[in-house]
Amino acid sequence: MRTTTRRAVLGAGIAAAGSGLLAACSKGGGPSDGPSPTAAPAGYVTPDGKEVAAAEAARAGAGSVREVRLTATPARLDLGGGRTVASWAYGDVLPGKEIRVTAGDTLALTLANHLPEPTSLHWHGLALRNDMDGVPDLTQRAVRAGASHAYRFKVTHPGTYWIHPHSGTQQDRGLYAPLIVEDPKEPLEYDKEWVVVLDDWVDGIDGSTPDAVLAELAKGMSGMDHGGGGTGHGGAGHGAGHGGGHDMSHMSMTSAKASPSPTGPSRMLMGATSDVLGGDAGDVAYPHYLINGRTPEDPETFTAKPGDRVRIRLINAGGDTAFRVALGDHRMTVTHADGFPVEHTATDALLLGMGERYDVLVEAKDGAFPLTALAEGKKRTGLAVLRTGGGSAPGADTRPRELESTPLTAGLLKADASVRLKERRPDRTVTLRLTGSMAKYDWAINGRKYTPGQRYPVRAGERVRLVFVNDTTMWHPMHLHGHTFALPGGGPRKDTAIVLPGKRLEADFDADNPGLWMLHCHNVYHAESGMMAVLGYRS
């Protein structure tokens with residue numbers, strides 16, 4: 001068994017800094033967890049290197065310092081309707097308390113780890129300094145149990161973002177919270193704002209945990225008779241022979257320990273399909289789908305006045321579920337994708353893959369209206385309620401007619417002129433073939449499971465073209481840390497994009513943020529099985 005994981009490797013500069021940088025960042029419980037890092041490939045910018053410091057110094061940031069304390073802790077969470085579950089969370093609420101700053105501020109957050117295992121904190125979508133990105137033992141050591149870690153960086157771009165660990169399957173517990181960066185020159189006009197976090201939930205239900213789900217999935221379907229591909233997982237599928245020949249069946253790529261044996265009922269999902277997603281919709285049969293931490297039986301209610309212009313910030317914090325979202329009896333106008341403005345586009349329904357965010361505007365009508373998030377291909381829904389007047393609340397199973405429309409996806413949007421990348425031929429093309437199958441659960445990039453020492457090189461100042469080629473029978477929401485890319489033909493600026501099975505997607509970005517940056521599938525279970533890689537800036 002290959003045992004090298006993220007915890008075994010750091011950038012060479014961090015290795016050299018050793019107790020200096022790392023112990024300085026971790027307080028209260030000694031140094032962050034993990035063995036001494038081994039040497040990384042030479043010739044690359046390191047997270048604590050001068051290039052990273054220079055890039056941070058060049059960022060505009062004349063705003064205030066926003067200090068936040070955050071505690072990751074075991075908690076009893078109320079999902080509504082009298083149902084409570086034991087899980088892990090930021091404090092005792094789900095989602096975690098919103099963090100709100102203004103572009104130009106410096107965010108100084110101290111994370112205290114009260115969990116029984118190491119953790120970390122990643123700032124999904126932010127272009128920030130590399131040593132604050134929160135990837136254990138690529139950009140920092142994991143924050144060990146009982147320790148704390150100080151994150152401090154300038155926040156330069158407004159938008160809708162979120163935070164979560166980058167440690168094992170922890171994100172699929174309750175460890176997530178919205179991060180809103182306000183625009184000091186906000187061009188949109190609206191009366192109210194509603195932050196809506198979507199999630200699929202399994203932790204603490206009938207003995208299930210995300211680690212146990214991963215352990216079950218990792219066994220794959222080899223040797224099982226599921227009707228020769230009629231299950232929705234397509235049998236061995238494309239790329240079934242990839243995976244490097246190493247038995248990783250019970251090893252999380254980021255936890256450095258074997259996953260436990262499955263507990264609770266089977267959570268492997270069979271037969272869930274979606275035309276919008278190109279076939280197979282997902283791997284995991286979740287017992288609940290939540291909006292702002294509530295089940296449909298006891299939904300959150302957002303109040304406004306008839307005629308109010310409401311900005312809804314939608315975040316998909318799920319582990320394995322795309323959501324089709326609609327607001328009953330309303331049209332939504334999409335204004336932003338992954339924090340960046342787009343040409344305003346009206347739609348009845350909107351599709352969000354894991355990690356994606358969209359901002360929409362609605363003009364509220366008079367009454368009570370369901371905001372419904374359909375778990376695409378899984379035939380279950382999450383629910384919240386927009387109330388502006390009288391009338392009975394929509395029922396838990398309400399499905400507004402708007403959900404019947406083909407949902408808008410990123411490829412139908414155009415970037416606003418203010419953020420559109422200038423026309424330029426790419427200086428470098430990085431081809432990333434997405435490989436693996438449900439049969440072996442051997443998800444990888446270019447046929448190789450993630451190893452921290454591997455690098456895909458880029459150089460500062462280059463226009464880089466990422467070419468995603470999906471050789472699998474499943475869709476993958478691919479996420480790039482520390483940057484946003486542009487979709488083709490003047491498409492939106494994004495940091496997370498859906499790559500459909502059997503399809504190719506090109507995405508361009510400017511290499512303007514030096515460091516070592518993760519690029520991975522944002523399906524938690526695909527990533528933890530190996531579908532991750534590192535883009536490294538050459539020094």
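The chat below goes through strands, a pocket and cavities in a predicted model.

User: Before we start, what do side-chain values use, and what is left out?
Analyst: Residues are numbered from 1 along each chain as its sequence is written, and side-chain values use heavy atoms, with hydrogens and water left out. The model is predicted, so local features need pLDDT of at least 70 and side-chain atom pairs count only at pLDDT 80 or more, while totals for chains, interfaces and linings use all residues.

User: OK, what order does the open sheet of six strands have?
Analyst: The order is β13-β10-β15-β20-β17-β18, with mixed pairing; strands here are DSSP runs of E with at least two residues, numbered from the N terminus, and two strands pair if DSSP finds at least two bridges between them.

User: And which strands stand at the edges?
Analyst: Those are β13 (288-291) and β18 (340-347), each with a single partner strand, so one side of each is left without a neighbour in the sheet.

User: How do β10 and β13 pair, parallel or antiparallel?
Analyst: Strand β10 (residues 192-201) pairs with β13 in the antiparallel sense over four bridges, and Asp199 stands opposite Leu290 in β13.

User: Switching to β2, which strand does it form a hairpin with?
Analyst: β2 forms a hairpin with β3, with two residues between them, and Gly81 in the turn has a positive phi of about 65°. The two strands pair in the antiparallel sense over eight bridges, and the bridge partner of Pro74 in β3 is Trp88. Strand β2 (residues 65-80) also runs parallel to strand β5 (residues 106-113), joined to β5 by eight bridges, with Ala72 opposite Asn113 in β5.

User: Now pockets: how much space lies in the largest one?
Analyst: About 410 Å³ lies in the largest pocket, where a pocket is an open set of points on a 1 Å grid over the protein atoms alone, with protein on both sides within 12 Å along at least five of seven lines, and a volume is the space filled by probe spheres set on the points. Of the 22 residues that line this pocket, the closest to its centre are Ala127, Phe340, Thr484, Arg493 and Asp512; lining residues have an atom within 4 Å of a point.

User: And how many cavities of 30 Å³ or more are there?
Analyst: There are three, a cavity being a set of grid points where a 1.4 Å probe fits but cannot get out, and about 120 Å³ of space lies in the largest cavity.

User: Which element gives the most to the lining of that cavity?
Analyst: That is α5, with three residues; helices are DSSP runs of H or I with at least four residues.
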